[in-house]
Amino acid sequence: MKVNKNFENIGLSATLEINEKSNKLISEGKTIYKFGLGQSPFPVPEIVVKELINKSKEKDYLEVIGLKKLREVVAKYHSEKNNYKYLPENIIVGPGTKELLFQLQFILNYDLILPIPSWVSYGPQAKLLNKKIYYIKSSAEENWNINPLLLDECCANNPLAKLLIINSPNNPSGTRFNNYKKIGEVAKKYKLIVVSDEIYNELNYDGSYESITNYYPEGTIVSSGLSKWCGAGGWRIGTMSFPNELKNIFDAFRVMASETFTSVSAPIQYAAIKAYSENHDKYLLNSRKILKFISEFIYEEFSNVGIKCQKAQGGFYMLCDFSETKISKFNDSRTLCKTILEKTGFAMLPGTDFGFNENELITRIAFVDFDGEKALNFLESNVLDSKSLNKIFPNIDNGVRKLTNFIENFS
Ligand SMILES: Cc1ncc(COP(=O)(O)O)c(C=O)c1O
């Protein structure tokens, strides 16, 4: 059987693979601390779940680009957050942003510019479509921000590289971009199409919402959805918001969607209206508090054994550099992750999945192995402190200690 050659060298998506591997080890009776897959630990807000139950009899195919009422609330939401007037007729609702990102890459006849590090799937999606990828390497010293000079150089040298995907707060680094103005200037100069992946933007620990749309809305497509801030990854719903200037791309998208996924599940779309139109301030405030608390605990513990990481500013990830620890003798990050998983049960992903070289001893952790509902309930009448750590986040606490003990006692 002949399989498209673009599949050569592309395996199962790294995050899903580590999750399946961790589950297998758990089913064999091993204790595994799941710092691999980045899934929200929090429950979907009650009011949204109730609406899903109420609408469970909705069974019809819906409009290809999404329910009108849903597109209206999404347009209102992004118009407020992104400081630009989005029209309901320029919003598309799809079965998760991963699918929408793939379709967008299919539609756009451009090569891709990607920062290193980047989320695991942008690159493989481009490779499946036989696109060229131009990488712009960022550094820990720059808090993993894109360097605008390198972006400018890349655009000047590669006239077909016109699609740039950025993501902040960032998966894998947990840091935020602080130079949108400069990136926006370069993007404008080269008329780039920017996809701003804002799926974690509601999880900035200080509650702010930032976007490149403040500087370059006319060339930016905002990608977002309910998977992260609303805990609804398995519901499979995401959105893309287009400026009117990119209407032609939107029109192609409508055709593409009509020939592929038809429309997103009807009950989910009805429930999503509630997600976008109700007030979730307390839920979000407490989710952020919990994530910040855990990230600070890990940062301290890891720093104490020489793991270099940058403080997370949003979302639920961190990059960890083991090159100055006692286990720096490992040759590559994949072997390091494999050995640590076998010896300690701590599952994480090698930096190679995010664009780093094999010999850079960098890994990514997702700190979500806890019961989010229990943590939110606890916060109703308690404060988070070191005493509550093991009670509310046992796998985070035990996993981190296992790993740091392993490093300290390594010889
Ligand atoms: C940066 C980033 N973008 C997009 C996605 C995909 O989200 P979904 O397809 O659930 O909307 C993820 C999920 O892990 C992500 O981390």
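## Loops, burial, strands and domains

Modeller: Let's start at Pro117, which sits in the loop between β3 (111–116) and α5 (122–128). The peptide bond joining Ile116 to Pro117 is cis, with omega about 5 degrees. Bear in mind that this is a predicted model: local features need pLDDT of at least 70, side-chain atom pairs count only at pLDDT 80 or more, and totals for chains, interfaces and linings use all residues. Residue numbers run from 1 along each chain as its sequence is written.

Colleague: What makes a stretch a helix or a strand here?

Modeller: Both are DSSP runs, numbered from the N terminus: a helix is H or I over at least four residues, a strand is E over at least two. Another cis bond runs from Ser168 to Pro169, with omega near -5 degrees, and Pro169 is in the loop between β5 (161–167) and α7 (180–189).

Colleague: Why is Phe367 called buried?

Modeller: Buried means 20 or more other C-beta atoms within 10 Å of the residue's own, exposed means 12 or fewer, and partly exposed is in between, with C-beta atoms placed from the backbone. Phe367 has 26 such neighbours, so it counts as buried. Phe367 lies in the loop between β12 and α12 (372–381).

Colleague: And why is Asn83 called partly exposed?

Modeller: Asn83 has 13 other C-beta atoms within 10 Å, so it falls in between. Lys191 has 10, so that one is exposed.

Colleague: What does Phe367 touch?

Modeller: Contact means C-beta atoms, placed from the backbone, within 7 Å of each other. Leaving aside neighbours within four places in sequence, the partners of Phe367 include Phe35, Ile294 and Phe316. Phe316 is 51 residues away along the chain, yet the two C-alpha atoms are 5.7 Å apart.

Colleague: What makes a group of residues a nonpolar core?

Modeller: It's a set of buried Ala, Val, Leu, Ile, Met, Phe, Trp, Tyr and Cys residues joined through C-beta atoms within 7 Å. The largest here has 110 residues, and Ile92, Cys320 and Phe367 have the most contacts inside it. Helix α10 (residues 281–304) gives the most to this core, with six residues.

Colleague: Why does this core lie between domain 1 and domain 2?

Modeller: Domain 1 (11–43 + 281–408) and domain 2 (47–277) both give residues to it, so the core lies between them. Those bounds come from an automatic or database domain assignment.

Colleague: What about β2, and what pairs with it?

Modeller: Strand β8 (residues 238–241) pairs with β2 over four bridges, again antiparallel. Both faces of β2 (residues 91–94) are covered: Ile91 and Val93 on one side, Ile92 and Gly94 on the other, are all buried.

Methods:
Two residues are in contact if their C-beta atoms, placed from the backbone, lie within 7 Å. Two strands pair if DSSP finds at least two bridges between them.
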